[in-house]
Amino acid sequence: MANGGLTVVDGSTLRADDLHLPLPDGAVSGARLLQHAESEAAARLFGLSLPDPLRSAAFRRVAGGDARSFEEEVIDADSVKRKVREYLLALADDLADDPLAILVLDGSALRVFLDDEDDFAMLAENLFTDLDVDDRGKLSKKEIQDALVLMGVEMGVPTFSEHSDLFSNILRKHGAEGEQQLGQAQFAQLLQLILQDLADGLAEKPVVVIQNLKVVNGSKIKKLLEHKELLDNEMESMFGDWNAHGHGEGNMERLQGLLEAKGSRLGLPPAESNEAVALLYDQIFSEIKEEVIAGEVTRDAFHVVVSDIMEKLVDQLEANPIFTDMGS
């Protein structure tokens, strides 16, 4: 799922039965099976190498808790596919609860600049001005690298430290490693050639970058709605708070405030921490008729209204996830 340039990795692509990679022949060690399962997961996730804690948690579930013994164990040929599937489903379950937000750098963002002469001219001018700190009107060829660093992943350029081979080959091809001085027009010409090659390289082999963002996609609310006992307990807690603060005039605002206060228990960040969350609450409550919450509200009526609100939240968040800072 993509949203505003970001892609949400929620594990859904890991649930398909058909494997992308051929299984090893015959029996294999647990360690070899783990390597294959990780490669299978990467093949379904843009080549993404998942964070160690996520991979370790999935492996422990497959290994039954004793990871070291499992690595040394010999897995017979008939069990290999089943174990790989167990690993993929364990990852999928964890990603459903706590999805990742990633950027897939495939050259398309760079093409936006390259395909529009005015946009590219402005980009090149801004980069040249930022780098020409002495206002000499000249930059060395090697400062093209600094320009690429300034562009960064937000403009579709991977980090140098992690992809030095890709950059070294392109910079060497265009002689962009020396001290030769360039004026602004020459700088723009060289930058254009390098970005074109970089876009081609990324189109052939995209780079995936995990963003330090929390994805709010309604999964926790959905789980709560599917678990009757937990849902009833949460409803009783909210209804108790509702009665404790009275009701009548201003019921709608009071109910919205109550749900916002309980947001963290529903997998939502505080409304005040993110404008998108506040707008989401406002949108949901604008669709509720005042009369359904007017006057004295019975327990059953309260449960119906709150359940409806929670279902609307899930629908909205599944269609349009909200991204917040990890600390929110």
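# Exercises on burial, helix packing and salt bridges

H36 counts as buried, at 6% relative accessibility; buried means under 20% relative accessible area, exposed over 50%, and partly exposed in between (1.4 Å probe, protein chains only). The model is predicted, and local features need pLDDT of at least 70, side-chain atom pairs count only at pLDDT 80 or more, and totals for chains, interfaces and linings use all residues. Residues are numbered from 1 along each chain as its sequence is written, and side-chain values use heavy atoms, with hydrogens and water left out.

## Exercise 1

Place H36 in the fold and list what H36 is in contact with, leaving aside neighbours within four places in sequence.

Step 1. H36 is found in helix α1; helices (H or I, at least four residues) and strands (E, at least two) are DSSP runs, numbered from the N terminus.

Step 2. With neighbours within four places in sequence set aside, H36 is in contact with L21, P22, L23, P24 and V84. Contact means heavy atoms within 4.5 Å.

Step 3. As a distance check, the C-alpha atoms of H36 and K142 are 41 Å apart in space, for 106 residues apart in sequence.

## Exercise 2

At what angle do helices α10 and α11 pack, and which residues make the contact?

Step 1. Helix α10 spans residues 219–226 and helix α11 residues 228–244. Their packing angle is about 100°, and the axes are 5 Å apart. Axes are lines fitted to C-alpha atoms, for helices over the stretch in contact, and angles run from 0 to 180 degrees between N-to-C directions.

Step 2. This angle makes α10 roughly perpendicular to α11. The classes are roughly parallel under 35 degrees, roughly antiparallel over 145, roughly perpendicular from 65 to 115, and oblique for the rest.

Step 3. From α10, the contact uses L224, L225 and E226; from α11, K228, L230, L231 and E234.

Step 4. Sorted by class, the contact has four nonpolar, no polar and three charged residues. Ala, Val, Leu, Ile, Met, Phe, Trp, Tyr, Cys and Pro count as nonpolar, Asp, Glu, Lys and Arg as charged, and the others, Gly among them, as polar.

## Exercise 3

How many salt bridges does a search of the whole structure find?

Step 1. The search finds 19 salt bridges, a salt bridge being a side-chain nitrogen of Lys or Arg within 4 Å of a carboxyl oxygen of Asp or Glu.

Step 2. R55 lies in helix α2 (residues 52–63) and E38 in helix α1 (residues 30–44), so the pair ties together parts 17 residues apart in sequence. E38 is partly exposed, at a relative accessible area of 26%.

Step 3. D200 is partly exposed at 42%, and R111 is partly exposed at 27%.

Step 4. E236 lies in helix α11 and R299 in helix α14 (residues 299–319), so parts 63 residues apart in sequence are tied together. E236 is partly exposed at 36%, as is R299 at 40%.

Step 5. Salt bridges with shared partners join R15, R61, D93 and D94 into one network.

## Exercise 4

Step 1. D94 is in helix α4 (residues 77–97) and is partly exposed, with a relative accessible area of 22%.

Step 2. N217 sits in the loop between β9 (213–216) and α10 and counts as buried at 12%.

Step 3. The side chains of N217 and S219 make a polar contact (3.1 Å). A polar contact is a pair of N or O atoms within 3.5 Å; within protein, one must be able to donate a hydrogen and the other to accept it, and residues adjacent in sequence count only if both atoms are side-chain atoms.

## Exercise 5

Step 1. F46 is in the loop between α1 and α2, with phi near 60°, a positive value in a residue other than glycine. F46 is partly exposed at 47%.

Step 2. D135 is in the loop between α6 (117–131) and β6 (139–140). Phi of D135 is positive, near 55°, and D135 counts as exposed at 67% relative accessibility.
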